[in-house]
Amino acid sequence: MPVTTANAAGPGAPSGRLLIANGRLIDPSQGIDGAHDLLIEDGLVAEVVERTDREGREGRNDRDGGGRRREGGGGRAGREGRERRDVTVLDAAGLVVAPGLIDMHVHLREPGQEYKETVATGTMAAAAGGFTAVACMANTEPVNDNRSVTEHILAEARRHGYARVHPIGAVSKQLAGQELAEIGEMVRAGAVAVSDDGRPVMNAELMRRALLYARHFDVPVIQHAEDLDLSGKGVMHEGEWSTRLGLAGIPGAAEDVMVARDLLLLEDTGGRYHVAHLSTARSLELVRRARRQELPVTCEVTPHHLVLTDEEVARTVFSTQCKMKPPLRSERDRRALLAGLADGTVDAIASDHAPHHADEKDVEFDLAPFGILGLETTLGLCLDRLVRPGVISLSRLVELLSTGPARVLNLPGGTLRPGSPADVTLFDPEGEATVKAAAFLSRSRNTPFDGWVLKGRPVATLVGGRRIELPRRAAAGGAAGA
Amino acid sequence: MSPASPVRWTREDLLGIAELSPGEIELILDTAESFREVGERPIKKVPTLRGKTVVNLFFESSTRTRSSFEIAEKRLSADNLNFSASGSALSKGESLVDTALNLQAMAPDLIVIRHAHAGAPHLLAKKLKAGVINAGDGAHEHPTQALLDAYTIRRHKGRLAGLKVAIVGDIEHSRVVRSNIHLLTKMGARVTVAGPRTMMPVGIERLGVEVAYTLAEAVRGADVIMMLRIQLERQGRMAIPSIKEYFEIFGLTSARLAGAAEDVIIMHPGPMNRGVEIASEVADGPYSVILEQVTHGVSVRMAVLYLLSGVHEETA
């Protein structure tokens, strides 16, 4: 395990035992979805216990939502406490208990842009959003293109983290797309993948070499697939809405030609190739076909590409909260991505959490930076907009947010198999919450979802068996057991 | 859309044509008609906007539109104030929002803005109490240009409904095209846009227009032909290889007018490139109404200023 976090507290001290009881346990890695309790010992999953009573499945109206703690042997917990001495019980009635969610694509902005986000605030946002781990991109200042930056990020995470942090190293030095970065040293220091995200690897020869070289360390090369000549000065998806708004368009082809090129290279090189924030129907089809050929390709999509389309830029009258790369695409693309979730082509949902200061976004659309936050809205959006309408099942969602990214990045999490690290997310699939950007724990506020009412919300996270305690938010309900 | 019976003007801003109803468009054109006569008087001034302050905020260079607004404001007796990109705070790195808030602090009634970026007037309108008039934002809209074009067409043809209007040139980068498409289709005209495929934006047909890729097809049966300025510097040499080749294929000459309606009128929003998109023989010829457009621009802008300032008076 690369990281333990500093901000874990509450029950489940490393030597103690913790029972997460009465919940609906969903673990796609073991094919479990049902009334199971989870026993955690010494920071690891000890046992998954099926319950005979169906009480937990139905759920009780657990208003305070935080679960309740009963100290084993204490006065209140007398009954169960008899057999389970010194077991702390976390009541998860009405809640889903899942392997800890992993956001495999975030920007923590540290080092260098701490006014947007830090490792501390970014992982706080992660924990608030139900994530126990994040993978952070290399486009920091300085760039994470060498071991010392990787180590710095990991050290910050150890000191201030509220979730595990898995750094992603750069493919090329300075993200300049010219020379390979020291991938081997970064991987030895803890990097889990390489990517020039924010920029594509435009040079086909460099991509070919990167795919070959990364094989030595068994890490995926993550591509921000965008042909910069085709995207040009574009600021939104090229289509009817860019034409109506008079904004320069980014054609879907800017992504597609890059994915197609890389897949051809991959046929020759082998290795592992992962498409970040895949956004078009055609790119998805390319990945689907490559899969059929058994090429080692994986892909992720973002919640915003699953929920919004390019029309949103017009509906919000040029709101810069709708400006990101890749841009919000057409309804046709969006529907194709939904189909890709359902049919298994998509491996992960990742937020591309991209904090920007409010001043930077409060400008003309053309001048605003690309990117929006995601950590604190992803789970709610997915539960409300994907699971509730029946696009995917709860179990598939857990796969996309936990098991899938763990597999892509070859992380130890994403499962509740006995012996695994006890990284656990508890969420309430029925709990309604209003997105309040002003109450985000992220340092930034750039979201197009402010004010949205979403059914489904995170309740708690545990990292290595320890419950993560967050600073109180004005708007948040008090977590029980705090 | 409500039928065009007596319409009251209720908007605080004029940001585009897309959101206007046919009734509102007619109201502006009818109001312009009543101001036309002011420009023909020996003393070209009425006291209508006395005591009102209008700020002309031009972040992008403009001669015609800016002078037209200035004259319109002066003829209405408004106090006006001009900012241009060079010499203003903008060139010192101040954000548009800060510039706007500073202006707001001086309590202007109306702000006329020209900006290179689409949506800039909308950003201002969200932040300001003053009414905002879009005098051209990027490739998005140029509502007063479309209104003055419609006014000019109506003066000549007596109507807009049923006319065939051809618009030729760089459709992709033109705000004039977008505003004209919205206005003309709302008023029942049939619009054909034409130009090289490399200058045709994706999905333009979704705006309710026909698309032609030859000049002859666009001109055939046209009651109105609008030629657009070609700027080689803007779109670079990826879209067209040379001015010479463009003129050979899409340049409007007398010979190429064959097939248009007998009483076709030729329009151009300016500034015009003679020998690029239009031959002098056409620009200066009997069908040209290009300078009339400029004259009517003042009446139309007086109408817009008048209608918008009225809203503020009533809501104040």
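Chain B is divided into two domains, domain 1 (22-140 + 297-315) and domain 2 (143-294), with bounds that come from an automatic or database domain assignment. This is a predicted model, in which local features need pLDDT of at least 70 and side-chain atom pairs count only at pLDDT 80 or more, while totals for chains, interfaces and linings use all residues. Residues are numbered from 1 along each chain as its sequence is written, and chains are lettered from A and ligands numbered from 1 in the order in which they are written.

The C-alpha centres of domain 1 of chain B and domain 2 of chain B lie 26 Å apart. Their contact takes 17 residues from domain 1 of chain B and 17 residues from domain 2 of chain B, where two residues are in contact if their C-beta atoms, placed from the backbone, lie within 7 Å. On the side of domain 1 of chain B that touches domain 2 of chain B, α1 (22-36), β4 (131-137) and α11 (290-315) of chain B each supply at least two residues, and α1(B) gives the most, with 5 residues. Helices (H or I, at least four residues) and strands (E, at least two) are DSSP runs, numbered from the N terminus.

Chain B also touches chain A, in a contact that takes 20 residues from chain B and 17 residues from chain A. Here α3 (96-104), α4 (120-127) and α6 (175-186) of chain B each supply at least two residues of the side of chain B, and the largest share, 3 residues, comes from α4(B).

The table gives both sides by class, with Ala, Val, Leu, Ile, Met, Phe, Trp, Tyr, Cys and Pro counted as nonpolar, Asp, Glu, Lys and Arg as charged, and the others, Gly among them, as polar.

| Side | Residues by class |
|---|---|
| Domain 1 of chain B, touching domain 2 of chain B | 9 nonpolar, 5 polar and 3 charged residues |
| Chain B, touching chain A | 10 nonpolar, 7 polar and 3 charged residues |
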